[in-house]
Amino acid sequence: MELKDQNSTYVLANGVEIPCLGFGMWQTPSDEVGVNSVIAALGAGYRHIDTAQAYRNEQCVGEAFRRCNVKREDVFLTTKIWNDSHSYELVKSSFDISLQKLGTDYVDLLLIHWPNPQALRDRWQEANAETWRAMEELCKAGKARAIGISNFRKHHIDALLENAEIPPMVNQIKHCPGVIQTEVEEYSREKGMLLEAYSPLGTGRIFESAEMKDIAAKYGRSIAQVCIRWNLQRGYVPLPKSVTPSRIEENLNVFDFEISEDDMDYIAGIDAGVRNASNPDAVPF
Ligand SMILES: NC(=O)c1ccc[n+]([C@@H]2O[C@H](COP(=O)([O-])OP(=O)(O)OC[C@H]3O[C@@H](n4cnc5c(N)ncnc54)[C@H](OP(=O)(O)O)[C@@H]3O)[C@@H](O)[C@H]2O)c1
């Protein structure tokens, strides 16, 4: 796929198009700051927004839509089912609340946020199967144009596929310089999923890395831009988060330079001090 701009699209397994770069919203406050960040993102040209029930800011997206002239159908919108709703009924009821907050009657992508909630640790396979069955129905009804997973590793994917009628189309995982999950990357692709990169800037920790400072200077770009470009060139959909208008804009300006193959490998190996992805079977939530 040619990466021309943020609206260049990948095609998911069911034919739905997804813009190659999205706007992350974890830790974005659910107040005017949050609303204004979404307005700034839409104004800068993002057409892909990544929120979640757990972020408690879905209503900022709804409010931003009400205040902007951007058409709903022109934006790819993702939300995620939280760990307290891993059952058939709770997916349906929590999803309705999400739609109300988002001010829409469908999402473009609905993900299971984590595969193994702490409260369901002895029966996560069964809970995910039920959760997925409800999501498949939402997909068939057009209320979720695509469905997928997040933080799933190989054994979680295998368990889900045992009962799935519709295979997941996306796996959203942590991916940034120094944090690469090769096994889950390869397995997700083998199973037909597109990969999304969460924390592409290491949740802000990447900026202290001396190696990243040097490589950014070499390309005459910011560290954020190099990270985002590196994610794109690895075939991931990066989801950088910011509430700062100048950064929101800066993070889109990544389509007019190319990182060499040698530097792609070099960046992959940098230990930038970013925490590894959490073990989804041991998270305390
Ligand atoms: N599925 C999951 O379990 C999961 C987990 C984590 C994240 N995610 C998704 O991935 C998104 C991104 O990950 P993330 O929130 O961990 O963080 P991130 O995008 O890696 O980094 C965000 C941090 O970097 C700062 N920043 C952004 N652009 C910058 C720039 N150009 N220059 C300097 N600083 C910059 C932001 O500050 P300001 O905001 O103050 O500008 C913020 O502190 C999330 O928002 C969420 O949508 C998903």
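Where is the place of Glu185? Let's start there, and please keep in mind that this is a predicted model. Glu185 sits in helix α6, which covers residues 182-190. Its relative accessibility is 11%, and because the cut-off for buried is under 20%, Glu185 counts as buried. Who is around it? Leaving aside residues up to four places away in sequence, Glu185 touches His175, Ile180, Leu195, Arg234 and Tyr236. For those of you who like distances, Asn171 is 14 residues from Glu185 in sequence, and their C-alpha atoms are 8.7 Å apart.

Now, on to the sheet. Eight strands form an open sheet with parallel pairing, in the order β3-β4-β5-β6-β7-β8-β9-β10. At the edges we find β3 (23-24) and β10 (237-238); each has a single partner strand, so one side of each has no neighbour in the sheet.

Finally, the ligand. It is surrounded by 29 residues, and the closest are Trp26, Asp50, Ser199, Ser242 and Thr244. Some polar side-chain atoms to look at: one of Asn251 is 2.9 Å from a ligand nitrogen, one of Glu250 is 3.0 Å from a ligand nitrogen, and one of His113 is 3.3 Å from a ligand oxygen. Taken alone, the ligand exposes 910 Å², and the protein buries 89% of that.

Methods
Residues are numbered from 1 along each chain as its sequence is written. This is a predicted model: local features need pLDDT of at least 70, side-chain atom pairs count only at pLDDT 80 or more; totals for chains, interfaces and linings use all residues. Side-chain values use heavy atoms; hydrogens and water are left out. Helices (H or I, at least four residues) and strands (E, at least two) are DSSP runs, numbered from the N terminus. Buried means under 20% relative accessible area, exposed over 50%, partly exposed in between (1.4 Å probe, protein chains only). Contact means heavy atoms within 4.5 Å. Two strands pair if DSSP finds at least two bridges between them. A residue is near a molecule or strand if one of its heavy atoms lies within 4 Å of it. A polar contact is a pair of N or O atoms within 3.5 Å; within protein, one must be able to donate a hydrogen and the other to accept it, and residues adjacent in sequence count only if both atoms are side-chain atoms. Accessible areas come from the Shrake-Rupley method with a 1.4 Å probe; for residues, only the protein chains shown count as cover.
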